[in-house]
Amino acid sequence: MQAFALALATLSFLSILSPSPASAASGKDALLVERGKYLAQVAGCNDCHTPGYMQNEGKVPENLWLTGADVGFQGPWGTSYPVNLRLYLNKMSEAQWIARARQPMRPPMPWYNLREMSDKDLLALYRYVRFLGPAGDPAPVAVAPGQPVATPYVEFVPKNLPLDKQASR
Ligand code: HEC
C-alpha cells in the first residue's frame, strides 16, 4: 500500500514536470510564453496559421500550431498563404519581428490588428513561437493576380452584392 502511495506521489510529481509553457521556462519568461500562447489562441493566429484549426474547432495538437497552411486565399490581391510562423520567427530577431509586425501584409492577414498590439504582446507571441521551436514546411509563395495556382485555395470574394456596392469594389 505504501509502495502504491509512493508511486502515485511520484506520478503526480512527474506530471508537474511535464513540459508545458509555464513549467519549461522560468519566472518572467514563463509568463511571457504563457501570454503568447493565449494570444495565439484568442487573437486568431491559429485560425489561419495552423492547419485544420478552424475545421477542428481548435482541436489540433500544440506541436502543429502555427506551422502555416497550404490552402491559399484568393482575391483581388492574388493568392496568399498563411506563412509558417514557426520557421519564419526562427530566422528573425525580436527587434526585426516588432518592426515587421507593424507593416502591411496581403489580405486576409489582419495586419492592422497586429499593428495595434503592444510591444509586450508582440514579444510574448515571439517568445511562445520560439519556445515551440521550428517545425513543418514553408507555406507556398504568394501568387500574383491572374497567375495559375497549383494548390487548393479558398475564394475570398463577396458574392451577390447589391449593384451600388459592386461598383466600389
Ligand atoms: C484570416 C486569416 C489570418 C489570420 C487570422 C492571421 N493571419 Fe497572418 N497571414 C495570413 C495570410 C494569408 C498571410 C500571408 C500574407 C502575405 O502573403 O502577405 C499571413 C502572413 C503573416 C505574416 C508574414 C508576413 C510576411 O512577412 O510575409 C505574419 C508574421 C503573420 N501573418 C502573423 C500573424 C499573427 C501573429 C496572427 C495572429 C495575431 C495572424 N497572423 C493572424 C492569414 C492570417
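Mentor: The expected span of a helix is 1.5 Å times one less than its number of residues, and helices (H or I, at least four residues) and strands (E, at least two) are DSSP runs, numbered from the N terminus. This is a predicted model, in which local features need pLDDT of at least 70 and side-chain atom pairs count only at pLDDT 80 or more, while totals for chains, interfaces and linings use all residues. Residues are numbered from 1 along each chain as its sequence is written.

Trainee: So what should the 14 residues of helix α8 span?
Mentor: Helix α8, residues 119-132, should span 20 Å at 1.5 Å a residue, and its end C-alpha atoms are 20 Å apart, which agrees. After α8 comes G133, whose phi is positive, near 85°.

Trainee: Which residues of α8 are buried?
Mentor: They are L122, A124, L125, Y126, R127, Y128, V129 and L132, where buried means that 20 or more other C-beta atoms, placed from the backbone, lie within 10 Å of the residue's own, exposed means 12 or fewer, and partly exposed is in between.

Trainee: What does Y126 contact, leaving aside neighbours within four places in sequence?
Mentor: Y126 is in contact with L89, E94 and W97, contact meaning that the C-beta atoms, placed from the backbone, lie within 7 Å.

Trainee: Switching to the ligand, which residues come nearest?
Mentor: Of the 22 residues around the ligand, C45, C48, S80, R106 and M109 come nearest, a residue being near if its C-beta atom, placed from the backbone, lies within 6 Å. The elements giving two or more residues to this shell are α4 (45-49) and α5 (85-88), and the largest share, four residues, comes from α4.

Trainee: And how confident is the prediction?
Mentor: The chain averages a pLDDT of 88, and 83% of the residues score at least 70; pLDDT is the predictor's confidence in each residue, from 0 to 100. Over residues 4-19, however, the pLDDT is below 50, and beyond near neighbours in sequence this stretch has three contacts in the model. Where pLDDT is low, the predicted coordinates should not be read in detail.

Notes: Contact = placed C-beta atoms within 7 Å.
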